Amino acid sequence: MALEYPSSTFIGIDVNSSFFPSNDKCPPNVCFLTSNVTYGIPFPMETFDFVYLGMMFSAFTELQWSELINDVVRVLKYDGWVESLEATAQFINHGKVTKCIEDAEKGVNVRISALLPKMFESNEMLANMQCIKVEYPVGEWYGCFGKYSIINLRRLFQSFVFLPEYLGVSYEEYIDMLDIFVKEANENKTYTYIQRCFAQKTWNA
Ligand SMILES: C[S@@+](CC[C@H](N)C(=O)[O-])C[C@H]1O[C@@H](n2cnc3c(N)ncnc32)[C@H](O)[C@@H]1O
């Protein structure tokens, strides 16, 4: 996107900098910032034309989500847009181990995508909200896309280093569970959903 829109400036924020590309691999209009957004987005009000929240469904409690949306609206310029892309974190055609991982209680609301449309709608500064929910097949049964999505989800679950404790298993046992999750998804033709919502900050909302 930065190459496609060279006159825009892109700022990526994450609490964990390990996935940030090195500066020499970034176009000059991109930078990355290590920051915990539960303490607020470290920018003045009305800074951005567009704020994108991607796949944060495993990161926040409901209260933190609502505070985050308020803060996103704060840093958005009037007429600017916010977009979220979140998985529903519910699997259809799941196996036993998949269900067990899905249900693990860890203090955050992983099903936040179901609440996000209402959260956007109830923010009095946001209007023109639209949401689109599509199937997200996981597993080799769905060709190249399914192969990619299962690798992606397995990596995501592996990054949940706190989950083994909630599941009452060791880290090694958890890794074995993830292998079974992949096997189950391939066999059962598992899929989930992802949802994209966007809304505009307006003067008159
Ligand atoms: C599934 S990844 C999504 C990464 C990226 N947003 C994307 O769309 O590809 C979730 C990310 O949320 C980050 N994260 C979790 N809690 C956070 C927080 N409080 N503040 C900022 N980033 C956080 C994690 O470090 C992780 O990289």
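Helix 4 crosses helix 6 in a right-handed sense. The coordinates are those of a predicted model. To see this crossing, select residues 143–158 for helix 4 and residues 171–188 for helix 6. The axes of helix 4 and helix 6 come within 10 Å and cross at roughly 160°. Angles over 145 degrees count as roughly antiparallel, so helix 4 is roughly antiparallel to helix 6.

Next, show the side chains at this crossing. On helix 4, pick I150, L153, R154, F157 and Q158. Their partners on helix 6 are Y171, Y174, I175, L178, D179, F181, V182 and A185. Coloured by class, the contact of helix 4 with helix 6 shows 10 nonpolar residues, 1 polar residue and 2 charged residues.

The crossing of helix 2 over helix 6 is left-handed. From helix 2, select K96, V97, T98, C100 and I101; from helix 6, select M177, L178, I180, F181 and E184. This set divides into 7 nonpolar, 1 polar and 2 charged residues. L178 and F181 of helix 6 are among the residues that meet helix 4, and both are also in the contact with helix 2.

Now zoom out to the whole chain and colour by domain. The domain assignment gives residues 1–35 to domain 1 and residues 36–201 to domain 2. Taken over C-alpha atoms, the centres of domain 1 and domain 2 are separated by 21 Å. Their contact takes 5 residues from domain 1 and 7 residues from domain 2.

For the last stop, look at the boundary between the domains. The area buried between domain 1 and domain 2 is about 490 Å², and carbon and sulfur atoms give 78% of it. Select I11, I13 and S35: these supply 70% of the area that domain 1 buries against domain 2, more than any other three residues.

Terms used: Residues are numbered from 1 along each chain as its sequence is written. This is a predicted model: local features need pLDDT of at least 70, side-chain atom pairs count only at pLDDT 80 or more; totals for chains, interfaces and linings use all residues. Side-chain values use heavy atoms; hydrogens and water are left out. Axes are lines fitted to C-alpha atoms, for helices over the stretch in contact, and angles run from 0 to 180 degrees between N-to-C directions. Helices (H or I, at least four residues) and strands (E, at least two) are DSSP runs, numbered from the N terminus. A crossing is left-handed if the near helix is turned anticlockwise from the far one by less than a right angle, and right-handed if clockwise. Contact means heavy atoms within 4.5 Å. Ala, Val, Leu, Ile, Met, Phe, Trp, Tyr, Cys and Pro count as nonpolar, Asp, Glu, Lys and Arg as charged, and the others, Gly among them, as polar. Domain bounds come from an automatic or database domain assignment. Buried area is the accessible area (1.4 Å probe) that two parts lose on being put together, summed over both. Angles under 35 degrees count as roughly parallel, over 145 as roughly antiparallel, 65 to 115 as roughly perpendicular and the rest as oblique.
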